[in-house]
Amino acid sequence: MSKFWSPVVHELTPYVPGEQPRERLIKLNTNENPYPPSPGVEKVLNDYPVDHLRLYPDPESLALRQALAREHGVEVGQVFVGNGSDEVLALAFQAFFRQSVPLSMPAITYSFYPVYCRLYDIAYRTLALGDEWQVPLEAFDAHSGGIVFANPNAPTGHGHGRDVIARLLERVTECVVLIDEAYVDFGGESAVPLVEQYPNLLVTGTFSKSRSLAGLRLGYAFGSRELIEGLERVKNSFNSYPIDSLANAVGIAALEDSEHFNACREKVITTRERTRRRLMNLGFEVLPSQTNFILTRHPDHDAAQLFVGLRERGILVRHFNTEALRDFLRISIGTDDEMDSLTEVLETLVG
Ligand SMILES: Cc1ncc(COP(=O)(O)O)c(C=O)c1O
């Protein structure tokens with residue numbers, strides 16, 4: 001606490017990201033991709049004319065937005081980019097959810113959403129997940145100040161198909177529906193083709209997971225021109241240049257290599273299903289996942305103790321100490337070798 005802080009800063013409970021350990025561990029705690037980015041990314045970095053760094057980057061990131069528009073079959077005016085999708089989400093909460101009625105979100109979802117609510121003083125309501133751990137789309141109030149959820153959801157891994165999302169959008173027309181597709185490339189179905197039809201739909205995505213570029217900080221959103229303009233107004237009141245020149249160039253190179261992209265995500269999916277089967281053989285309950293992580297619990301073993309046991313043996317996973325998730329571990333999908341080490345250690349821990 002400090003007398004120099006603005007009053008709101010005293011009230012904040014900042015998001016706590018997964019640990020970035022200093023020692024060498026098998027790192028399965030922040031849903032990074034175990035495979036390197038496209039070789040084209042390395043070439044851009046090696047060949048980058050350093051003199052370009054004298055100049056400010058393109059404040060509109062036009063070339064990167066054009067590449068995203070091409071890749072996703074939308075117009076460039078329907079694309080927004082930011083410094084990681086966390087920044088895009090923060091700008092979206094500011095742009096669309098500071099309303100007189102509360103925002104709606106699932107009770108279990110990406111834990112950054114309530115943090116933005118506190119930062120921007122946004123009231124929100126939460127809805128319990130369904131029996132299959134699904135986001136209860138039918139329960140969202142059409143008269144909310146906005147609706148936000150991840151699809152596939154985090155940390156549960158369940159995703160809804162586009163037809164179900166379309167039904168939600170037929171019913172909810174008067175507020176922004178923000179769908180966070182950080183994990184969609186690992187088996188989900190994207191709602192991006194719906195942005196043309198529904199002016200209140202905003203879909204966010206990231207280069208951090210399926211493009212192996214978490215360290216670069218590149219995220220994006222697709223939506224109607226009116227939503228993109230709202231985002232740009234907030235962004236240009238805060239930071240004109242969130243995407244540096246290198247990130248612009250690297251992002252384009254990553255998008256151009258669909259072969260590498262598809263090969264990596266297929267490997268992650270195959271390893272995920274293999275890991276899931278092996279953990280189930282050890283007696284774990286493993287929720288079905290359309291992402292690059294699994295959420296799992298063991299009926300006879302305390303998750304916090306398993307977390308410590310894994311860590312002592314050099315494997316870092318994520319344990320959320322909340323009432324709903326206390327019994328679970330969230331485990332990112334690494335390489336086959338990493339997941340073999342994980343299953344071996346878990347086998348000794350659950351005996
Ligand atoms: C659901 C979800 N959305 C967004 C993000 C943020 O990703 P980034 O800021 O790296 O684009 C994450 C990161 O883990 C996430 O889990």
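Predicted model: local features only at pLDDT ≥ 70, side-chain atom pairs only at ≥ 80, totals over all residues.
Q: Which residues surround the ligand?
A: The shell consists of Gly84, Ser85, Asp86, Tyr110, Asp180, Ala182, Tyr183, Thr206, Ser208, Lys209 and Arg217. Sorted by class, this shell has three nonpolar, four polar and four charged residues.

Q: Where does the ligand sit?
A: The ligand is found in the largest pocket.

Q: Which side chains have a polar atom 2.7 Å from an oxygen atom of the ligand?
A: A polar contact is a pair of N or O atoms within 3.5 Å. Tyr183 places a polar side-chain atom 2.7 Å from a ligand oxygen. For Arg217, a polar atom of the side chain is likewise 2.7 Å from an oxygen atom of the ligand. In Lys209, an N or O atom of the side chain lies 2.9 Å from a ligand oxygen. On its own the ligand has 400 Å² of accessible area, and the protein covers 92% of that.

Q: How many disulfides does the whole structure have?
A: A disulfide joins the sulfur atoms of two cysteines by a covalent bond. A search of the whole structure gives zero.

Q: Is Cys117 buried or exposed?
A: Cys117 has a relative accessible area of 1%, so Cys117 is buried. Cys175 also counts as buried, because its relative accessibility is 6%. The limit for buried is under 20%.

Technical notes
Residues numbered from 1 in each chain as written. Heavy atoms only, no water. Near = heavy atom within 4 Å. Polar contact = N/O pair within 3.5 Å; in protein donor to acceptor, adjacent residues only side chain to side chain. Areas by Shrake-Rupley, 256 points an atom, 1.4 Å probe, with all protein chains shown as cover. 1 Å grid on protein atoms, 1.4 Å probe; cavity = no way out; pocket = protein on both sides within 12 Å on 5 of 7 lines; lining within 4 Å. Sits in = over half its atoms within 2 Å of the grid points. Nonpolar A, V, L, I, M, F, W, Y, C, P; charged D, E, K, R; others polar. Disulfide = S-S within 2.5 Å. Buried < 20%, exposed > 50% of the residue type's maximum accessible area, 1.4 Å probe, protein only.
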